[in-house]
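Take a look at the chain below. This report goes through its sheet and its core.

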Amino acid sequence: MKYSFYMKSILFTALYLSMIVIMSGCAKENQENLTVEELTIDTELQPYFERFVAEGAVRGMTIDLVEKRIEGFLIDIEETDVAGQCSYSATSTRKVNIDINYWNSATDLEKEFVVFHELGHCYLERSHSDAQENRNCTSIMHSGTSGCRFRYNATSRSEYLDELF
Ligand SMILES: [Zn+2]
C-alpha cells in the first residue's frame with residue numbers, strides 16, 4: 001500500500017511538471033505572435049491584391065490580408081503551364097506565387113484572374129470548382145483541366161466575382 005501511494009505521488013508530480021511545461025510552451029507561442037511580422041507583397045502585385053480587398057468589400061466581406069499572413073511574389077515557376085500557386089502551411093505565411101513570364105505577357109484582366117484565383121485558395125480557402133453551364137466554367141476557381149470554357153471579361157467579371165466571394 002505504501003509503495004503504491006509513493007508511485008501515485010510520483011505520477012502526480014510528473015503530471016504537474018508536464019503541465020507547467022505545456023503552460024510555459026503556450027506563453028512562449030503567444031509572445032512570438034506579438035512580434036511584428038514582415039509580410040511582403042510584390043509592388044506589381046499590390047494593386048491586384050487591393051482590388052481583391054475592394055471587390056470583397058463590395059460584397060460585404062472584410063478582407064484582412066495581414067491577419068491571414070498573405071504574401072505575394074513574382075517568381076519564375078519552373079513547371080510549364082502553371083501561372084500561379086498558393087502555398088499554405090500552418091507554420092508559415094501563406095504565399096501567392098505568380099509566374100513572371102505569364103505576368104509579363106498578361107492583360108490587366110488576366111493578371112486579375114490569376115491573382116484572384118490564387119487568393120481564392122490562399123485567403124478564401126476555396127478548392128477548385130469545375131462546375132459548368134453550357135460548357136462554360138461558372139467559377140473563377142476552375143482547375144483549368146476540365147475543358148470548360150472560361151471567358152473572363154468586362155461583361156462576365158461581376159458574375160464571376162459574385163460567385164468567388
Ligand atoms: Zn487553383
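What follows is a short account of the sheet, the helix on it and the core.

## Ground rules

This is a predicted model: local features need pLDDT of at least 70, side-chain atom pairs count only at pLDDT 80 or more, and totals for chains, interfaces and linings use all residues. Residues are numbered from 1 along each chain as its sequence is written.

## The sheet

Three strands make an open sheet. Their order is β1-β3-β2, with mixed pairing. Strands (E, at least two residues) and helices (H or I, at least four) are DSSP runs, numbered from the N terminus. Two strands pair if DSSP finds at least two bridges between them.

β1 (70-75) and β2 (84-87) are at the edges with a single partner strand each, so one side of each has no neighbour in the sheet. Neighbouring strands are turned by 20 degrees against each other on average, direction ignored. β2 and β3 pair in the antiparallel sense, over four bridges. Cys86 stands opposite Val96 in β3.

## The helix on the sheet

α4 packs on the sheet and touches β1, β2 and β3. Its direction makes about 20 degrees with that of β2. Axes are lines fitted to C-alpha atoms, for helices over the stretch in contact, and angles run from 0 to 180 degrees between N-to-C directions.

## The core

The largest nonpolar core has 21 residues. Such a core is a set of buried Ala, Val, Leu, Ile, Met, Phe, Trp, Tyr and Cys residues joined through C-beta atoms within 7 Å. Buried means that 20 or more other C-beta atoms lie within 10 Å of a residue's own, with C-beta atoms placed from the backbone. Phe52, Val115, Phe116 and Leu119 have the most contacts inside this core. α2 (46-58), β3 (94-99), α4 (108-122) and α5 (157-164) each supply at least two of its residues. The largest share, six residues, comes from α4.

Definitions and conventions:
Buried ≥ 20, exposed ≤ 12 C-beta atoms within 10 Å, placed from the backbone. Contact = placed C-beta atoms within 7 Å.
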